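Work through the exercises below with the sequence and the 3D structure at hand. Try each task before reading its solution.

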Amino acid sequence: MVRTATLLLLLASCSGSSDTGSAATTREIVDLFPQASITTVDRQPYRIRLMAEAKTHRLSLVPTGRTLSFGDLEIPGRVRFEASVQVLGAPRKSRAALFAVVVARDETGSSTEVRHPVRTAAADGDWTKLSVGIEHGRPLQELSVTFEREDFGVEAQVAVLRPVARFELPRRPRTSPAPGRVLLVTTDTLRADALGCYGNTEVRTPYLDALAADGVLFEQCYSAANVTNPSHTSIFTSLWPKDHKVLDNFTVLGRDVPTMLEPLRAAGMRTAAFVSSFNFAPEKSDLDRRFDEFFPCQVYFERRAEDVNTDLLPWLGDHADEAFFVWAHYFDPHMPYAPPAPYDRMYPRKSVGEEIELPLGYKGNLNWFAASRDLGHYRALYRGEVSYLDHHLGELFARLKDLGIYDETTVVVVADHGEAFGEHGVYCEHATLFDEVTRVPLIVKPAGSRARRSVDALVSTVDLFPTIFELLDLALPDDLRGRSLAGLLRGEVVDFERDAVFSTFARGSQESLRTKGHRFLLGVHDEDLFPGFSLRYGKRELYRVDGGELVDRLEADPELARDLEGDLRAFLSDKRDWIARPVDPEAAAEMEKLGYTQGD
């Protein structure tokens with residue numbers, strides 16, 4: 001006897017890309033959204049565990065014989081259905097006998113069926129990837145996916161997480177020559193001083209060090225914000241957070257706010273994004289729709305660098321002869337620090353005699369901190385994450401070389417923010433605007449050049465948009481806040497005049513002005529963050545940056561404080577009128593369960 005659980009997928013209508021690339025087809029991806037977040041199930045423990053583990057409205061739990069339905073489908077007959085799956089309630093000894101039967105139907109009712117074995121997880125609670133290709137001679141109107149198992153004697157259930165459909169559409173020929181190739185790598189939570197090329201003699205980062213030897217390393221690059229979505233939004237818009245209004249991870253970029261993607265696509269460049277965090281899901285960022293292709297994080301919270309590369313490296317091979325702009329996002333250094341072997345033991349977990357403190361009112365996963373409270377433990381694991389990431393970035397750079405396009409591709413590596421390890425009373429978090437968080441690595445290898453030098457100019461992540469456009473010889477849009485660094489990259493500019501850079505704390509709770517010698521901070525909201533660190537409305541602080549930013553010199557140097565405060569307030573008063581929007585309540589609930597708060 002065979003028990004089945006059928007998942008009926010009817011996709012929303014979708015149209016072809018407006019890409020102007022030269023290849024015959026363009027790859028498209030469509031997210032499949034079920035009508036309900038999770039079906040009713042009899043076994044409450046399974047439901048509780050899945051909701052705690054997946055925490056996403058893109059999860060469906062399908063008991064035997066139950067069917068989930070979606071909208072209508074209008075896509076080509078050649079399609080690939082992908083999802084993460086998990087089987088619950090089955091005896092462990094029978095775990096090898098799972099099959100997915102995919103049936104494609106057209107408007108006449110004609111169908112094509114594919115029976116595909118599914119590699120099941122070794123233990124309850126683990127996910128396995130399902131990827132089933134099917135070819136049908138006519139455009140599809142309906143897909144059904146049936147999971148078949150041998151009779152277990154008990155009712156089994158199939159969990160389906162973040163299903164998508166991938167397919168190809170004809171591509172229009174280019175109407176004008178495209179300008180070049182750009183690979184933008186953004187890493188989450190990466191301190192500049194965690195890399196060998198920035199002077200760290202303990203952490204092994206040979207591949208980023210080699211990239212720095214081929215390009216230009218910026219010693220003093222500062223992030224526009226201390227959290228992920230606002231920082232990335234500033235990179236793609238060349239606007240400060242006060243302009244684009246994305247002040248935390250709970251705010252979505254306004255649909256009318258222009259980014260670098262629209263003119264890049266208009267210039268004939270193929271744009272693709274490969275992201276590793278659910279921060280950039282469609283309901284959380286609005287960046288996905290601006291790319292020709294968007295490869296999301298389809299598992300809960302994050303996917304590892306190796307999984308990003310699984311999508312990215314083949315894509316580069318398919319598009320090596322085209323002009324492209326690729327964004328590769330890696331989340332690995334972010335908490336929880338859990339590098340895989342051998343990186344989990346690469347650095348000794350030596351006690352440093354200092355215990356970490358948790359954020360006040362912490363609502364996240366306490367299991368992340370169960371192994372130890374010693375700061376040295378987490379610092380060692382963080383370094384393991386950095387070396388693991390470096391290894392897979394090495395694979396990415398090697399792929400460019402194998403394809404013969406490394407020298408002619410502009411490669412940019414930058415972080416969205418850093419991480420604090422006890423500095424200023426903050427632990428394993430990025431809840432400050434001091435250098436340990438806002439100073440980020442920036443390495444640029446321009447196409448056609450191996451510059452091999454470092455630059456000490458004061459630069460910001462808002463400068464990347466105009467820099468990329470000048471390197472591509474594209475006209476700059478109006479109203480950008482950043483300045484092009486192309487002259488510095490070419491060695492043509494000796495004195496890059498900039499008095500200060502600015503950074504915004506999550507939710508706009510604090511603002512920072514940073515010069516080469518000092519940092520001025522202005523409190524905007526009250527925030528109690530850690531036992532030893534808080535923000536206060538109206539609080540003014542002044543620090544020298546050459547002493548760890550430890551001694552507030554507001555009273556010792558009131559004239560300088562007054563001048564810098566005037567500059568900061570003038571900066572804050574000059575705002576754009578863009579409007580952002582909040583994430584939907586379900587997405588906000590997901591993020592709060594991870595420990596994010598409305599102030600992040």
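The exercises go from the whole chain to single residues and pairs.

The model is predicted, so local features need pLDDT of at least 70, side-chain atom pairs count only at pLDDT 80 or more, and totals for chains, interfaces and linings use all residues. Residues are numbered from 1 along each chain as its sequence is written, and side-chain values use heavy atoms, with hydrogens and water left out.

**Exercise 1. Describe the protein chain as a whole.**

Step 1. Helices (DSSP runs of H or I, at least four residues) and strands (runs of E, at least two) are numbered from the N terminus. The protein chain has 13 helices and 28 strands.

Step 2. Buried means under 20% relative accessible area, exposed over 50%, and partly exposed in between, with a 1.4 Å probe and protein chains only. Of the 600 residues of the protein chain, 60% are buried.

Step 3. A contact means heavy atoms within 4.5 Å. Among contacts in the protein chain with a separation of 6 or more, 76% are between residues 24 or more positions apart.

**Exercise 2. Find how α10 is placed, and what follows it.**

Step 1. In α10 (464-471), the buried residues include L464, F465 and P466. Six of the eight residues of α10 are buried, so the helix is largely enclosed by the rest of the structure.

Step 2. Just after α10, D473 takes a positive phi of about 60°. D473 lies in the loop between α10 and α11, and is exposed at 70% relative accessibility.

Step 3. D479 is in the loop between α10 and α11 too. Its phi is also positive, about 70°, although D479 is not a glycine. D479 is exposed at 54% relative accessibility.

Step 4. Why note these phi values? Most residues other than glycine have a negative phi.

**Exercise 3. Locate two cis peptide bonds.**

Step 1. The bond from M335 to P336 is cis, with omega near 5°. P336 sits in the loop between β16 (324-330) and α8 (375-402).

Step 2. The bond from A341 to P342 is cis, with omega near 0°. P342 is likewise in the loop between β16 and α8.

Step 3. For context, most peptide bonds are trans.

**Exercise 4. Decide whether E565 is buried or exposed, and name what it touches.**

Step 1. E565 is in helix α12 (residues 558-573). With a relative accessible area of 13%, E565 is buried.

Step 2. Not counting residues up to four places away in sequence, E565 touches F520 and R540.
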